[in-house]
Amino acid sequence: MISTASATRIATWLQEATQAIIFTGAGMSTESGIPDFRSPDGIWSKFRTVYYDEFMANADARQEYWRQKSISHSEFAQAVPNAGHQVIARWQHEQTIRAVITQNIDGLHQLAGNQDPLELHGTARQILCQDCGARYAAEPLVAEFLRTDVVPSCAACTDGRLKHATISFGQSLAGDVLERAVSWCQEADLLLAIGSSLVVSPAADLPALTKQQGGRLVIINRDPTPLDGLADEVVHESIGETLLAIAASHARKIFSALRPR
Ligand SMILES: [Zn+2]
């Protein structure tokens, strides 16, 4: 459990900040029952990695990709936002924070009510045609694949290659998304990095930008991260409980600031 002193300190910084950014990783969603796909016992360790170039070049690779993604799809299709997602959505609604940047592809921030989180690795809730750019809801196409075992093709351009709208292994992050993330992190006076192991570049370099520009950095993650030494506050506890404690402390501050003297 986060100490009262620590929760109060972070709540004070939140109250002072005008450009606070929330940066989330896989740990944010594990409390919704979504496994960390990239962890050593995660789903990808059991599968052959299909790299982006291979997906584009080879129909067998596309078949293998769809087989794997259809299995992992069921892991998050039923998941619902947890207490931590709800706190973050409320902070955005109240303009306590400026925006959310996430490494997650599960769409749970949106389901909690966050508008337009910046999704560094894209979203698994949509399918994107790699040839014409048409987008489709993932659910019906995954269901079709599970029923027929045939890789779906694009209705808009007839045989376009359809892939989840996520960043695959060997594929670069979208330039405009990364640019926006960099400027938000540079402009932030407070960055809360939540549930990210902060090891996968370039996403892992973003929180350091806030420190370089003189902002404060808070890290909330179950395990230590390479940036812990740089942070103003580090919490190695459950994310949901920690955010609820900070939110309670923050709400008390707002309330006492409003109370007539
Ligand atoms: Zn197409």
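## Sheet

Strand β2 and strand β3 (residues 118-119) run parallel and are joined by two bridges; strands (E, at least two residues) and helices (H or I, at least four) are DSSP runs, numbered from the N terminus. Thr-102 stands opposite Glu-119 in β3. The model is predicted: local features need pLDDT of at least 70, side-chain atom pairs count only at pLDDT 80 or more, and totals for chains, interfaces and linings use all residues. Residue numbers start from 1 along each chain as its sequence is written.

Strand β1 (residues 21-24) is joined to β2 (residues 99-102) by four bridges, and the two run parallel. Phe-23 has Ile-101 in β2 as its bridge partner. These strands belong to an open sheet of six strands, in the order β3-β2-β1-β7-β8-β9, with parallel pairing; two strands pair if DSSP finds at least two bridges between them. Each of β3 and β9 (233-235) stands at an edge with a single partner strand, so one side of each is left without a neighbour in the sheet.

Val-218 has Glu-233 in β9 as its bridge partner. Helix α1 (residues 4-16) packs on the sheet and touches β7 (190-194), β8 and β9. The direction of α1 makes about 125° with that of β9; axes are lines fitted to C-alpha atoms, for helices over the stretch in contact, and angles run from 0 to 180 degrees between N-to-C directions.

## Nonpolar cores

A nonpolar core is a set of buried Ala, Val, Leu, Ile, Met, Phe, Trp, Tyr and Cys residues joined through C-beta atoms within 7 Å. Buried means that 20 or more other C-beta atoms, placed from the backbone, lie within 10 Å of the residue's own. The largest core has 46 residues, of which Ile-21, Phe-23, Leu-191 and Leu-192 touch the most other members. Leu-192 touches Ile-22, Phe-23, Val-218 and Ile-220, not counting residues up to four places away in sequence; contact requires C-beta atoms, placed from the backbone, within 7 Å. A second, separate core of twelve residues includes Cys-129, Leu-141, Leu-162 and Ala-165.

## Helices α5 and α10

Helix α5 (residues 83-93) packs with helix α10 (residues 239-258) at an angle of about 35°, their axes 7 Å apart. In α5, Ala-83, Gly-84 and Val-87 meet Ile-239, Gly-240, Leu-243, Leu-244 and Ala-247 of α10.

Methods: Contact = placed C-beta atoms within 7 Å.
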